[in-house]
Amino acid sequence: MNYDQIFDQAIDRLHAEGRYRVFIDIMRNKGAYPNARCFHGHNGPKPITVWCSNDYLAMGQHPDVIKAMEDALHDVGAGSGGTRNIGGNTHFHVELEQELAELHGKEGALLFTSGYVSNDATLSTLAKLLPGCVIFSDELNHASMIAGIRNSGCEKQVWRHNDLEHLEELLAAEDPETPKLIAFESVYSMDGDVAPIHGICDLAEKYNALTYIDEVHAVGMYGDHGGGISERDEAADRINIIEGTLGKAFGVMGGYIATDSKIIDVIRSYAPGFIFTTSLSPVLVAGVLASVRHLKSSSVERDAQQTNAALLKQIFRDAGLPVMDSTTHIVPLMVGDPVRAKKISDILLAEYGVYVQPINFPTVPRGTERLRFTPGPAHTEAMMHELAEALVEIWDRMDLELRKAA
């Protein structure tokens, strides 16, 4: 058995398909975001503008967050000391869970080391405990949700994206006594569209199903207090389990669920992904705590982000660039080919100091490869016009078609 040959062939396939991933070596400049330095190449660091960060509101740069982390580091040290069951349950963790529960109007919350782990651990554990459970999964759900559903070993029904008629057709076909769980996202991060939450909840009530919503691309950014689309649409009280991340709009690291106390108790008692992993460092938790508290009372960052996202979409449309329709802060630019998407990304970085990663399969379906821009509060209108001009030049250079102005 030639193991090296098998591994080489696997990597060669990615190169041949044009979707081999390259991690760009960058360092953000504290207090100057979205400006950063890129160490990719042989000429030393060069200044760049970051356009693809999931630190959507630049809270990872916020003075309150940084101070809270510095204070915690000096007060309690770096690590948590173990799992939540063995020395890793600090007062910071308890406080943050209380804040997150209050944010979503739930009885409790439970922290995980990432959003991926919170989805995987919760979905797999919950479904195993419900005898004969069937999970109804939106076809565009994140890989972490798909992993959790697969690891549960239960039956899965995939419904067409945001298609309530198809969802009801599948629900109606099941035995009324069968435990059911509907799993979906609020904001789908590659297309930037939003789930019909109330319609899904109506069906859940009609067919006696539990609801599980992934709000990772919405918490912090929507609702008067940053509770996500479910807060904005006044639907949080209709959803059984709300899952979120602490590494995007809140700017640090981690994941969580917010739900009733009984489900919290079950997950913390049965989920291996929670029980057997070292808890988040109290330094990280202290930073998130400051971020959540700030965004509960401040809409400045949310408003600036929404304004800038709308402006960038309009600038792209006016320039004839193939911007996809989106009702959220996500600004996807369709390319439709992995090799071209990578080449555009490379030219932007090398010649224009613009950093945006290509999005390829399996993150998006083949043939829908794209560049995904995430303008934040600190991106300026001048930056947006410079970006659009660079993209138009590259589109022309590569003989790609621009759209005619309406």
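The model is predicted, with local features requiring pLDDT of at least 70 and side-chain atom pairs counted only at pLDDT 80 or more, while totals for chains, interfaces and linings use all residues. Residues are numbered from 1 along each chain as its sequence is written, and side-chain values use heavy atoms, without hydrogens and water.

The protein chain holds 14 helices and 14 strands (DSSP runs of H or I with at least four residues for helices, and of E with at least two for strands, numbered from the N terminus). Its radius of gyration is 22 Å, close to the 22 Å from the globule rule for 406 residues, so the chain is as compact as a globular protein of that length (the radius is taken over C-alpha atoms, and the rule is 2.2 Å times the number of residues to the power 0.38). Along the principal axes, the C-alpha trace spans about 60 × 55 × 55 Å. Of the 406 residues, 53% are buried, that is, under 20% relative accessible area with a 1.4 Å probe, protein chains only. Contacts (heavy atoms within 4.5 Å) with a separation of 6 or more come to 70% from residues 24 or more positions apart.

Glu 99 is buried, at a relative accessible area of 17%. Beyond its neighbours within four places in sequence, Glu 99 contacts Leu 289, Val 292, Arg 293 and Lys 296. With Arg 293, the Glu 99 side chain also forms a side-chain polar contact of 2.9 Å (a pair of N or O atoms within 3.5 Å; within protein, one must be able to donate a hydrogen and the other to accept it, and residues adjacent in sequence count only if both atoms are side-chain atoms).

Methods. Buried means under 20% relative accessible area, exposed over 50%, partly exposed in between (1.4 Å probe, protein chains only).
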